[in-house]
Structures are given as structure tokens and as C-alpha cells.
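Open the model in your viewer and keep the sequence panel beside it. The tour below goes from one selection to the next.

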Amino acid sequence: MATEPEPARHRCCCAQDAPAPADVPKDSRSDSDGPRRGSLCERHCAAINNVQGDLGDLGCHLHRPRVPPAAALCCCQQHSEEVCESCVVKTTLTAENAVEANKLSNNYKFGFKKWKSHVTARPWEDRSEIVKELYSDLNVIRGSGGSTLTCGNVLYLLLFGWWLSLLYVLVAAVMFVTVMGAPYGRLCWDLAGYFLWPFGKVIQKLEVRAPRESPGGAGESSALLGGPTPRRWAGTGYWHRAGAVAWLCLGYPPLALAHGLVCVTAWLLVVLIPVAKLSARAGARVLLLPPRRVLVRRLRMTEVPLEGEVILCCYRAANPYYYKYAVDGINVFAVNLLPLVLVTLVLGYVDSPNRLSGSAVKFTLALLSIMPLSYYIGMAIASISAQSNFAVGAVVNATFGSITELTFYITALIKGSREGNRCYAEVVKSALTGTLVGCVLFVPGLCMVIGGIRHQEQRFNSRSAGVSSALLFLSVGGVFAPTLFSKVYGKLVCGECHNVTQNPLGHYLCHNCHFDLMDNNGTLYYSHVQPLVYTVSILLPAAYLIGLFFTLKTHTHIYDIHISDCHMPGHHHSAVVHWSRWRALLILLLSTLCMSACADLATEHISPILTNSTVSQYFIGVTVLAMVPELPEIVNGIQFALQNNLSLSIEIGNCIAVQVCMLQIPILVLFTIFYPTNFTLVFSDLHVYASMFSVVLMNYIFMDGKCDYFQGTVLVMVYFILLAVYFFAPSPSGC
């Protein structure tokens, strides 16, 4: 399986005669002067191990030779007691095929989307027993099913069992009244008892054989089920015409509708997916069989094979591990949220006058629809990158990596420009700042807290984090340079001032003050601020490209990562991708199109919320509009942290923050050149202070290359403090 094992520890030894690595004795560290020299070597190699970090214990195969090679030894020479030779050993990650290996490699590349889920089908034998149970069919009889009285089974009885059983009893009564449908009535009566409590029972499809009596006159019996096997049908043929017509007209439709309702409801609840499978098979197979071919019995001796095909056999109605369930590589939650996108688009564009629902409902639906679309875009990008070369992957990540946020920002700016409302531009600035602050504080902090619950101390690659931190400092300084410039040279203008002391020379209390850049016909803005904005918008993407070249070309060793295929005995598998490149490209384009439509609906119906809401527009932009599109990335970061791979959790937040400053903001500035809007690269003081403080705090926490849940709690608490500041802050001018 595609895994990320814990890195092999460096081995340091101090040898008097500096022998060849192959001649180093196993107990070389036990020499007389070994502890003194060895301690220096161990400290040096421990520093290298701190850089690499712990990548978890999920590896299927780690290349760890018993005798370390030359590259894995830190040996002190005879006359160099104080300095140990530095050695860099790459952490070997293993994958089950080349496509997964390419995806793992892309996870450690700066600027590439970090993706946790598999892009290829995992071999069945490599999966855990828990996962195998999720995908197992409901026709497997276990040797020992255990007690069927569980909380999940009781929940089934309360939610579905009682009324489903009652419906079967009513349908059975109708079938008995028709006389010709009596066999189906008998079947419904048996199924009523089954669906009231189906656990530990079996529905069997019997083979049709000519009736014959045993010498003793008794009917056929089963050693497994015990007792004689009843014959439901005394007539001839597999399907009685009159009874079948009555059944298909009166009995089957309400039962099929009920099972469809149960199936949809249980599937949406996720943990009750076994109930959904049970209802789906009952409506599609059991109810369409002739009554004499269906046998409902309780299992007594499960060791003996059953006579005939087993259609249904269920022991548990709920399984908490179904959050791992995937359909064609897509997580079940993303599958369940996909119909929400269709409902949002139909309701938003068909009900334009807001007759069926208000703007608040449509805005909420549009915002929630962005989450599954973000997941599909991320899955498509990861699939295309894993199956393509480096150049194609870099282009796809650069083009579509920020498409979710840019789609919303551009549609909001267009709407604000058409309406002449500056509030949309301020909301976009708040969303940009909220994404920056959230990805710097909340995302790594939450991952540290959740990962720290399982792991006492987590380590990460401080060198790769240092590259992102340096780019963050550069990008924050560049983005807020026009703002600082306007504070120094702009003219302070206040909307309303009151003389507190009633003295013309006394103190004045002013409100709605801002720095006016359009004084003297906008000379300051057009001659100084705007050229500075354009200069920064050119330098920031250039710095981003330099960072890519640095991390992906000239200094790839800072990640200390080596990806290799997993070749274990009996485990040679070819890659079976979930999405081919063309399919992934089609899904990527369709998701982007739907994302644009949902963003258009969100901006269309956000105006009443901004106007009538008692909450500051700053708070709405910083929280809802900034973090909802990033939820799939947050989930990926948490999964990496739980597997003790905090390096990728931190890189997820850092990469998004860097892309906000170095790609998204310059693109928005470039967009305003061709389509004039109210967007200017001048932020409020609150945005400047919050962003700079967040970046400084993040760099302080990440200095030593290790962390725990306490440091994560600090980051999360600071983030919530900033949210409280935004919540109580007055609305920006123009809103």
C-alpha cells in the first residue's frame, strides 16, 4: 500500500582507526573513548533526524539494511574528535505502484497539492480487516457473529425496523384479501419478522426441485436450519400470473418506495450504510423473486454450508468506520454532498425571485456546495499529476490549485463593480486575510492538537518549513507594502469629528477615519501607490517561481525523501487508477464550471446578509468565506497528523498561505487591469497586524522542528482571539 513509514535512524560510530564502513563492529560504540566521541556524533545525527521528522508507522516495506551503508554512517576520524562527518540519508517511502509513488513524491514538492487519499485501487489483500468488512457483501455467514444486541441494531429498530415491519404486515393483509396473492402475503408476513430485527437471520434463494416425500412422509430438512423446509407454493411454474400481477400492482410499489427511502436515509447517515445495502438488495432482488424461492430462517449452526444461495445475512446495522468508505476512490461524504450541488444550482437559477427560499438559504447552500467541489478538484489534480510528468503536474497545480478561491473572489469583485458597492472588495480582502491567518494558525494548530493526542511529540522537517516561512515573510511584506506606503504618505480623512472640550484648540473625537489616496485628483495613488502595487504583483510571482526552482530543482535534498515501489514477495500489482487522465480532466473542468456557478450564486445572495447582518462584515469574510473552501485541505492535514506526518500538515497550511500572497493577490491585481473593480491593494490596519503577528508567531513555534499538542493549542487559541477581534470590530467603510 502507498505508505509513509517512519524514517530510518542514522547510525553514528566513532572508530579509532577510521575503518571502512563495512568493517565497523556492531559494538563500536562501547569502546573506551566511545561515549565521549559518540555523544558528539549522536548529537549531530539527532539534529539531522530532527530535520527529517517522523513520518508515521504506515509503511508496507522500509529499506533498512542490517549493516548501514557508507552513506548511513557518521564516523569520526582518528584526529577529529570534535567534528563528526555530516551525512544525509534520505527517508525511503514505499508505494504499491508507480502511480502512487508519483503521488507521494508530489506531496513533498513545494507548490503541489497535498493529497492523502489513494488515486489507485488498493489490492484487497493489503487492506486491514476493518476496511475489508466495510466492502464485504451482505451474504457472508460468519462462524461466530457474537451478540446481535448492539446500539446500532437498536438504532435500526427505532428508526426503520418497526414501521417497515408494520408496512409488510399491511401489505400481507392486502395480498391475502386478493386470494390470488396469498403466496406473496405469506412471504410478506415472513419478511415482516425479518425486517423488524434482521440480525442473525438469513434470506435464502432456494432451487426449484420436484416435490418428493421421504419414506417416513416427512418433508425435506436441513441440518443447518433444523426442522422441515416448508413449501410455500403448491401451484406449478415459477410465477403465477394472477398473483404476480396483483403483487406488482398492489404490493411491490409501496414496499419498493419504503426500501428506497430507507436506503437513501441510511446512506446519508454513513454509519448505517449496511442498512442501505440491506434495503437496496431487498428491493432489487428479494421482492422480485417467486415466493417459493425465498426462505427466511434464523441461523443456528453457521459452520454447516447452506443449501442454496444466500441473498441477505446481516449482523450489524452500524459501523463507525464507514467514514473511510469510498466509491470509485471518492470518499462517501463527498458522494453524499454531490446532490447538494445539483439542488443548489436548480434552486438558485430556477427560483430567481426567491419564491421557494430566501437569499440566506441559497447563500448557505452555495457555500456548502463548494466543499465537495473542492474535493473533486483536488482529487482530479492529484490524479492528473500522479499519472503525468513533472511539467504537466506543475502546470495543472499552478493553473487549478487556487481555482476555488479565485472563482469566488473574481465573481464578488465583478458584482461589486456592477453595483458600485465597495463592500464586496472589502469582503474579498477579509477573505484573503482570513485564509492567510487560518492557514498559518488554525490549520497547523489543529493538526498539532489532534496529532498530539496520539503522539506525545511530533517532529517535522524544519528546513522545508523554513523555506515556506521565508517565502511567507517575503510575501506578507510585499502584499502589505502598498498599505504601509499609504499610511506614511496618505492624507488622513475622517467622516465625523466632535470637539470633546468645546475648545477650538482642544481635543476632537473622530469616526470613520481613513487615509485618502485620491487627494489632488489621485496624484498620490496613480503616481505612487498604483505603480508600487504593479511592481509588487510582478515580484511576488517571480519569488514564487524562484522558490519552486529552489525546492524542486537545485535543493531537492532538503526534503530527504526517496520514493520507491513496494516489491514484497507475492505483492506485484499493476496500477489500477480510479480516474484516468482524461476522466480526471473532464471532472476537473466540470467541477470548475460548477464552482463558478456556485460562486456566482453565493455572491448574488450575499448582499442581503451583508446588509442586514448584525455581525461585522470582517468576521463573515475572515471565517465563512475564507475557511469553508479549505475544509478538504484541513481534513487532509488532520489525516497526515494522525499518521505522525506533521511535515505535510504544516506544508498544507504554508503552501496555501504562500499561494494567497504570491499567486492569488497578483492575479486579482492583474484582473483589475482588464476589468476595473473597486479592489485596491490597501488593507485595513486590522488585517495588517493580524497577518504579521500570525506569521511571526508561526515562525517562533516552528523553529526547533518539533511540537506537541500544547503548542498547537497556543496557535488555535490565538486564532480564536483574532476571530473575536474581527467579530467585535465595526464594519468597514462603504458597507
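Start by selecting residues 201–205, which are strand β4; this strand pairs with β6 in the antiparallel sense, over five bridges. Bear in mind that this is a predicted model. Within the pairing, pick Lys205 and look across to β6, where its bridge partner is Glu309.

Three strands make up an open sheet here, in the order β5-β4-β6, with antiparallel pairing. The edges are held by β5 (294–298) and β6 (309–314); each has a single partner strand, so one side of each has no neighbour in the sheet. On average, neighbouring strands of this sheet are turned by 20 degrees against each other, direction ignored. In general, strands of a sheet pair through backbone hydrogen bonds, in a parallel or an antiparallel way.

Next, show the cysteines. How many disulfides does the structure hold? The number is zero. Select Cys313, which is in no disulfide: the nearest cysteine sulfur belongs to Cys314 and is 7.8 Å away. Cys313 counts as buried, because its relative accessibility is 3%, and buried means under 20%.

Select residues 98–107 for helix α2. Is this helix mostly covered or mostly open? It is mostly covered, with seven of its ten residues buried. The buried residues of α2 include Val99, Ala101 and Leu104, and also Glu100, Lys103, Asn106 and Asn107.

Phe333 is partly exposed, with a relative accessible area of 43%.

The last stop is Val615, in the loop between α17 (607–612) and α18 (617–622). Is Val615 buried or partly exposed? Its relative accessible area is 21%, so it counts as partly exposed; the cut-off for buried is under 20%. Finally, select Phe727 as well: its C-alpha atom is separated from that of Val615 by 6.6 Å, although the two residues are 112 residues apart along the chain.

Note on methods. Residues are numbered from 1 along each chain as its sequence is written. This is a predicted model: local features need pLDDT of at least 70, side-chain atom pairs count only at pLDDT 80 or more; totals for chains, interfaces and linings use all residues. Side-chain values use heavy atoms; hydrogens and water are left out. Buried means under 20% relative accessible area, exposed over 50%, partly exposed in between (1.4 Å probe, protein chains only). A disulfide is a pair of cysteine sulfur atoms within 2.5 Å. Two strands pair if DSSP finds at least two bridges between them. Helices (H or I, at least four residues) and strands (E, at least two) are DSSP runs, numbered from the N terminus. Axes are lines fitted to C-alpha atoms, for helices over the stretch in contact, and angles run from 0 to 180 degrees between N-to-C directions.
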